[in-house]
Amino acid sequence: MEPRLTICLVSVLVLGSRLPAFADEGELYTALKQNVLFARAGLRPSIGISGAPASGPGFAGIVYRVEASAPGLRIDSFQMGVHPSRSAARVLAERMVQSMSIGPDTWAPGHDPCGDIGDERYVWSGGGEGSGTIVFLRQNIFVDFCWVGENAQALALARRIDELIRTDREVARRGTFVPTPEIVAAGAPAQAAKKARLTITPEFRGLGERADLRIAVMAPDGFSSLTETTREGKSRPDIVVRGPRADSLSDTVRKRRPDEDGRFIMHIPDKVGPAKLTMIVATPDNVFVTKEFSVNVTE
């Protein structure tokens, strides 16, 4: 069973100004090779039972469990995603930034000492040495990590990751998406009875082989546990949208791959009313797309 992953978030921040706008034009980043990046950035990935880095879909990218090789620096959460456009990356980055606490050592866009990291960035420090979070964008790539340890080492790591993205094509490929990656349809009905188990068949475009995709559905609160397909293309038995009461579904892996049966099971929340859900799909190269949809939950 893969380790359960959480995103490192610090609660409620409202930014006074929006991040600057950039046009989507020219070449984009089309892949981010995590194993090459980890090796060259001095990160050691935690390995799951599958033999691949322990990972799972997060808020704006794939979340990996990693350890920094620098003495005295621990990475609590590392998340990265290659989005179909710069604007798509910015939307999710801005949502994440708006959920972070602002503190005395917060360096916001326009007046921070970290202006050389990414095209846009936001850094939160817990005060002196100890802990912090950085969110930065390099064109259409989103990177976020939380650390415990020396701030200088953490920012040096962020600069190194950004440098590798910019300069090393073995780490980050560039080109164009043809067609643009997207979730065409979530495949869920507009209405369903509470606690129902639904067979859904999502439709995708520009995301490659279906068997290679990581697929998950996020509950309305944004923090519910996710079940998702594995890196081998096998699928856990259910994509679960949990209601107010957590259940205890099996975490065993279904033997048939998604490309063999083309279906997933979604559990409907047990709270009656409209449920706003988010489907997340990611490729092995960390291309990351989302689609919001709603199901009206009835008795």
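Mentor: Gladly, and let us begin with a helix: in α3, the buried residues are N151, A154, L155, L157, A158, I161, D162, L164 and I165. Please keep in mind that this is a predicted model.

Trainee: How do you know that α3 has the length expected of a helix with its number of residues?

Mentor: Helix α3 covers residues 151–167, which is 17 residues, and spans 24 Å from its first C-alpha to its last. The expected span is 1.5 Å times one less than the number of residues. That expectation comes to 24 Å here, and the helix is close to it.

Trainee: What does the whole protein look like in numbers?

Mentor: There are 4 helices and 19 strands. The protein has 299 residues, and 51% of them count as buried. Its accessible surface is about 13,400 Å², with 51% belonging to carbon and sulfur atoms. Among contacts with a separation of 6 or more, 64% are between residues 24 or more positions apart.

Trainee: Which strands make up the open sheet of 6 strands?

Mentor: Their order is β3-β4-β6-β9-β8-β7, and the pairing is antiparallel.

Trainee: What makes β3 and β7 edge strands?

Mentor: Each of them, β3 (55–57) and β7 (120–125), pairs on one side only. From one strand to the next, the twist averages 15°.

Trainee: How do you know that β7 and β8 pair?

Mentor: Two strands pair if there are at least two bridges between them. β7 and β8 have 6 bridges, in the antiparallel sense, so they qualify. As one example, E120 has L137 in β8 as its bridge partner.

Trainee: Which helices pack on this sheet?

Mentor: Helix α2 (residues 86–97) does, touching β6 (73–82), β7, β8 and β9, and its direction makes about 160° with that of β8. Helix α3 also packs on the sheet, touching β6, β7, β8 and β9; the direction of α3 makes about 160° with that of β9.

Trainee: Why is N140 called buried?

Mentor: Buried means under 20% relative accessible area. N140 has 0% relative accessibility, so N140 counts as buried. This residue lies in the loop between β8 (130–138) and β9 (141–149). Beyond its neighbours within four places in sequence, N140 is in contact with residues including L28, Y29, G81, H83 and F177.

Trainee: Why is strand β1 described as mostly covered?

Mentor: In β1 (residues 28–32), 5 of its 5 residues are buried. This strand is joined to β10 (residues 172–175) by 4 bridges, and the two run antiparallel. One of the pairs is L28 with G175 in β10.

Trainee: How do you know that Q34 is buried, and what does its side chain join?

Mentor: Q34 has a relative accessible area of 6%, and the cut-off is under 20%, so Q34 is buried. Q34 is found in helix α1 (residues 34–41). A polar contact of 3.4 Å joins its side chain to that of Y64.

Trainee: Why do β12 and β15 count as edges of their sheet?

Mentor: That open sheet has 4 strands in the order β12-β19-β18-β15, with mixed pairing. β12 (191–193) and β15 (214–218) each have a single partner strand, so one side of each is without a neighbour in the sheet. On average, neighbouring strands are turned by 35° against each other, direction ignored. Within this sheet, 10 bridges join β18 (residues 273–282) to β19 (residues 288–298), which run antiparallel. M279 has K291 as its bridge partner in β19.

Trainee: Is P202 buried or exposed?

Mentor: P202 has 2% relative accessibility and buried means under 20%, so P202 counts as buried. Its place is in the loop between β13 (197–200) and β14 (203–205). Leaving aside neighbours within four places in sequence, the contacts of P202 include A185, R210, F264 and M279.

Note on methods: Residues are numbered from 1 along each chain as its sequence is written. This is a predicted model: local features need pLDDT of at least 70, side-chain atom pairs count only at pLDDT 80 or more; totals for chains, interfaces and linings use all residues. Side-chain values use heavy atoms; hydrogens and water are left out. Buried means under 20% relative accessible area, exposed over 50%, partly exposed in between (1.4 Å probe, protein chains only). Contact means heavy atoms within 4.5 Å. Accessible areas come from the Shrake-Rupley method with a 1.4 Å probe; for residues, only the protein chains shown count as cover. Axes are lines fitted to C-alpha atoms, for helices over the stretch in contact, and angles run from 0 to 180 degrees between N-to-C directions. A polar contact is a pair of N or O atoms within 3.5 Å; within protein, one must be able to donate a hydrogen and the other to accept it, and residues adjacent in sequence count only if both atoms are side-chain atoms.
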